[in-house]
Amino acid sequence: MPSFDAPVVVTAARDLFWDRGFEAASLADLERVTGLGRSSLYHAFGSKRGLFDAAVADYLETVIRPRLRPLLAESAGRAALLEYYGGLSLAVASLPADSPRRGCLLVNCAAGLAGHDDLARKVVDDYRSELTAALRHALAGAAAETTPGTDAATAVLEERARTLASLSMSVMLLARVNRDESLALLATAAAQVRSWHP
């Protein structure tokens with residue numbers, strides 16, 4: 001039985017991975033932020049990668065899925081889409097420039113670890129698929145709001161969902177290097193939602 005609070009340890013490690021990426025987060029850094037020795041980390045998580053996997057699972061459950069949940073609601077539509085982009089704008093604008101939580105842990109991981117690790121690549125691609133599906137669901141609801149009784153063409157919904165997912169992922173990458181451009185891109189995404197469904 002561990003003598004430490006595992007969720008606290010995972011959150012501390014998650015923030016370090018979020019800030020530095022998997023490769024740049026050293027074991028010494030992980031020991032420092034978690035307050036645990038190397039042997040305790042290995043005993044609890046098996047490896048640095050095991051701790052990273054726990055951090056990613058925590059990130060998906062505590063950051064990503066709560067943000068996507070309104071897009072998946074039965075009543076999701078244009079308002080949910082605009083609220084999603086408004087929430088992202090608030091998150092990007094409110095974080096200090098030195099916050100470890102700038103951008104997206106998974107998008108940050110995509111250029112590093114996921115470039116050469118099949119499991120990490122699958123996690124990032126699964127996130128992209130989950131985001132696209134949530135956006136597609138809300139877009140379908142928005143289409144039903146403006147044209148009751150008819151469904152928008154599947155191809156158009158898919159194209160729009162992919163466009164919004166790409167914008168969303170780009171925003172989170174840019175949030176690490178250029179906050180103003182990230183916010184401008186979020187405004188562009190909201191403008192697209194408004195123009196698609198007047």
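The 21 positive and 23 negative charges of the protein have mean positions 2 Å apart. Lys and Arg count as positive, Asp and Glu as negative; His and the chain ends are not counted. Each charge is placed at NZ of Lys, CZ of Arg, CG of Asp or CD of Glu. This is a predicted model: local features need pLDDT of at least 70, side-chain atom pairs count only at pLDDT 80 or more, and totals for chains, interfaces and linings use all residues. Residues are numbered from 1 along each chain as its sequence is written, and side-chain values use heavy atoms, leaving out hydrogens and water.

**Fold**
- The protein has 9 helices and 0 strands, taken as DSSP runs (helices H or I, at least four residues; strands E, at least two) numbered from the N terminus.
- The C-alpha trace spans about 60 × 35 × 30 Å along its principal axes.
- Of the 198 residues, 42% count as buried (under 20% relative accessible area, 1.4 Å probe, protein chains only).
- Among contacts (heavy atoms within 4.5 Å) between residues at least 6 apart in sequence, 70% join residues at least 24 apart.

**R102**
- R102 sits in the loop between α5 (78-94) and α6 (105-110).
- R102 is buried but has no salt bridge (a side-chain nitrogen of Lys or Arg within 4 Å of a carboxyl oxygen of Asp or Glu).
- The R102 side chain reaches two backbone oxygens: that of R176 at 2.7 Å and that of S99 at 3.0 Å.
- Beyond neighbours within four places in sequence, R102 contacts residues including W18, L95, P96, N108 and A175.

Methods: Buried < 20%, exposed > 50% of the residue type's maximum accessible area, 1.4 Å probe, protein only. Polar contact = N/O pair within 3.5 Å; in protein donor to acceptor, adjacent residues only side chain to side chain.
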